[in-house]
Amino acid sequence: MDLITRENPARVAEIVGSVPVTDPAAVDAAVRRADDAFRGWSGLPVAERVAALRRGADTVAGRLEELAPLLARESGKPLADSRGEIGFAVAFLRWVCDEAPAVLAATEVDDDAGRLVVRRKPYGVVGCVTPWNAPVILAMLKLGPALAAGNTAVLKPSPLAPLTITEVAAALPAVQVIHGGAETGRALAGHPLVRKVAFTGGDAAGREIAATAGAMITPAVLELGGNDPAVFLPDFALSDADYERLVMASFATAGQVCMAAKRLYVPRARTAEFTEAYLAAAERVLVVGDPLDPGVTMGPVISAAAAARIRALVADAAGGTAGGTATPLGRSAPGHDPASGYFVTPHLVTGLDDHAPLVAQEQFGPAVPLLAYDTEEEVLVRADAGELGLAASVWSADEERAFALAGRLGAGFVFVNTHNRTGMSLRAPFGGVKRSGYGREYGREGLLEYVQSAAVHVPAAFRPGGPGMAPGAYPGGVHDEPPRSAGTGRPPP
Ligand code: NAD
C-alpha cells in the first residue's frame with residue numbers, strides 16, 4: 001500500500017506521520033458507503049443530527065492540547081495559531097448546531113393563493129477537497145453545514161497536512177476520509193454518486209474540479225485564491241496595536257492564507273510614517289522560528305518548492321527589472337536555525353508598480369508590497385484590478401467613510417480597520433467574486449449551500465370548493481387583474 005509520509009516543515013528530517021493513499025477502487029467504495037449511509041442520516045430529525053455533531057465538537061475540544069502540536073508539526077503553523085484554528089473550528093461547528101434547526105426548517109404558507117411547503121433537502125454525498133494551509137477549519141466549514149443538513153460526506157484533505165484533520169473528522173458522524181493528491185480528488189469530484197462538491201484551493205485545481213463536477217452536472221462551491229488589497233484612507237489613524245495586527249494580517253501562517261493582506265495601498269503623503277511604524281511593529285510581533293517554540297509567531301512555509309517560489313518572487317521584485325526594495329522584517333527566535341526547514345525571511349517590498357508579479361499575483365508567502373496612491377478613485381481602480389476578488393480591507397478613522405469605500409470594492413468580504421482572521425465572523429458569509437470562486441461559507445448562506453429547496457404546492461383553485469382554472473391557463477398573470485381603461489392607467493368605474 002502506498003503511503004503519504006509527512007515531514008515537519010520546520011525540521012525536515014523529522015517524520016510527523018503517514019496516511020495510506022486511497023486507490024481508485026477504495027474511493028468508489030468510500031463514496032458508496034457514504035451513499036448507503038445517506039438514507040439513515042438524512043432521515044434523523046435535525047435535533048438528533050445536531051446532538052451528534054455537538055458530541056463531536058466536545059470530543060475535538062477535549063483533545064485540543066494533543067491535536068494542536070500535531071497541526072503545528074505537520075503544517076508549520078505556530079502552536080498558538082494551531083490551537084486557534086482548531087478552537088475556531090469547534091466554535092464554528094457549535095454555531096452550526098445552534099443555527100441549523102431554524103435555518104433548515106421547512107416553511108409553509110397556507111392562504112388564499114393556495115398551500116405551499118418548501119423543504120430544505122440535503123443533496124446526498126458531499127465530496128470535500130481541501131488545502132493544507134488551514135486544514136481543520138477549511139474542512140469543518142464544509143463538514144459542519146453539510147452534515148447538519150443531512151448530507152453524508154467524503155473528505156479528501158491535502159497530502160501536505162492530512163494528519164490532524166483525519167483525527168478531527170473521526171470524531172464526527174457520517175464522514176469518510178480518503179487520502180491522496182490530485183488523482184484522488186478527481187476520482188471524488190467526478191464520482192456519479194457525489195451530489196455536491198465543496199472545494200477550497202488554488203486556481204488550477206479549482207478550474208479542473210469545476211470542469212469535472214460540471215461534466216457530471218454536480219453543483220460545486222469553490223473557494224479559491226485571493227490577492228487582497230488593504231486600503232488605508234488618508235485619515236487612517238493606527239495605534240501600535242493596529243500596526244501589529246496589520247503585520248500579522250499579512251504574515252500569520254507565513255503569509256499562506258487566502259485572505260491575508262497581500263497588497264498595502266497607502267496615501268503617498270503618509271508612506272514614510274506608515275513604513276516606519278510598520279517596521280517597528282514587525283520587529284515587536286514577528287518572530288520567526290520553530291512552531292512549537294511558544295515565542296514564535298511565524299514558522300516555515302509548507303514545502304521546499306513553496307520556499308523556492310517565494311524567494312524567487314522577492315528576488316525578482318527587489319533585484320530584477322521590477323526595481324523594488326525588499327526590507328527584511330521581524331527577528332529570529334533565539335537559537336533558530338533557518339536551514340533546519342523551509343524557512344523564508346519575511347519582507348516588506350516598496351517601490352513596485354502594480355504590474356510587478358509580487359503585486360499582480362497571489363504571492364501566498366511572507367512578502368508584502370507597499371504601494372503609494374494619490375486619490376480615492378485611483379486606489380479603488382487599482383485595488384480592484386486583476387481577476388481575484390476574495391477579500392479586502394479599508395482602514396479609516398471615519399467608519400462611515402470606510403464602509404462607503406468598502407461597499408464599492410470588488411471583493412466578497414471587506415474588513416474595516418482590520419484584516420484576515422481577526423475580522424472574521426461566524427455569522428458573516430465569506431467567499432469570492434470573479435475568479436476567486438463561487439458559493440459561500442460561514443453564516444446562514446454557508447448552511448444553505450448544502451440544501452436544495454423542494455416545493456410542494458396546491459393552488460387555491462384546486463382545493464376543495466375552489467373555482468378551478470381553464471385548462472392550460474397560467475395562474476396569476478395580468479389577465480387576472482381588473483381590466484384598465486386605456487390611457488388613464490386607472491381601473492374602469
Ligand atoms: P491546491 O489547489 O494545490 O490543492 C487543494 C486540494 O485540491 C488538495 O487537496 C489537492 O490534493 C487537491 N487537488 C489538486 N489538484 C486537483 C485536481 N486537479 N483535481 C482534484 N483535486 C485536486 O491548493 P493548495 O496549494 O493546497 O492551497 C493553496 C491555495 O488555496 C491558494 O491559492 C489559496 O488562496 C487557496 N485557499 C483559498 C481559501 C478560500 O477560502 N478562498 C482558503 C484557503 C486557501
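On the domain 1 side, A10, P78 and W132 supply 26% of the area buried against domain 2, more than any other three residues.

A quick note on the model: it is predicted, so local features need pLDDT of at least 70 and side-chain atom pairs count only at pLDDT 80 or more, while totals for chains, interfaces and linings use all residues. Residues are numbered from 1 along each chain as its sequence is written, and side-chain values use heavy atoms, with hydrogens and water left out.

## Domain layout and contact surface

The domain assignment, which is automatic or from a database, gives domain 1 as 3-224 + 442-452 and domain 2 as 229-425. Their C-alpha centres lie 30 Å apart. Each domain brings 23 residues to the contact, where contact means heavy atoms within 4.5 Å.

Two salt bridges are counted between the domains (a side-chain nitrogen of Lys or Arg within 4 Å of a carboxyl oxygen of Asp or Glu). If you look at D81, you will find a salt bridge to R421, with the closest N and O atoms 2.5 Å apart.

## Salt bridges elsewhere

The structure holds 29 salt bridges. R11, E14, R73 and D290 are linked in a network of them. Within that group, E14 pairs with R11 at 2.4 Å between the closest N and O atoms. R11 counts as partly exposed at 31% relative accessibility; the classes are buried under 20% relative accessible area, exposed over 50% and partly exposed in between (1.4 Å probe, protein chains only).

Another salt bridge joins D110 and R463, whose closest N and O atoms are 2.7 Å apart. D110 lies in strand β3 (residues 107-111) and R463 in the segment after β22 (451-459), so the pair ties together parts that are 353 residues apart in sequence. D110 is partly exposed at 48%, and R463 is partly exposed at 25%.

## A look at R382

R382 sits in helix α13 (residues 376-384); helices (H or I, at least four residues) and strands (E, at least two) are DSSP runs, numbered from the N terminus. R382 is buried, with a relative accessible area of 19%. The side chains of R382 and D354 meet in a salt bridge (2.6 Å, N to O), and D354 is partly exposed at 21% relative accessibility.

Leaving aside neighbours within four places in sequence, R382 also contacts residues including R263, Y265 and Y373.

Technical notes: Buried area is the accessible area (1.4 Å probe) that two parts lose on being put together, summed over both.
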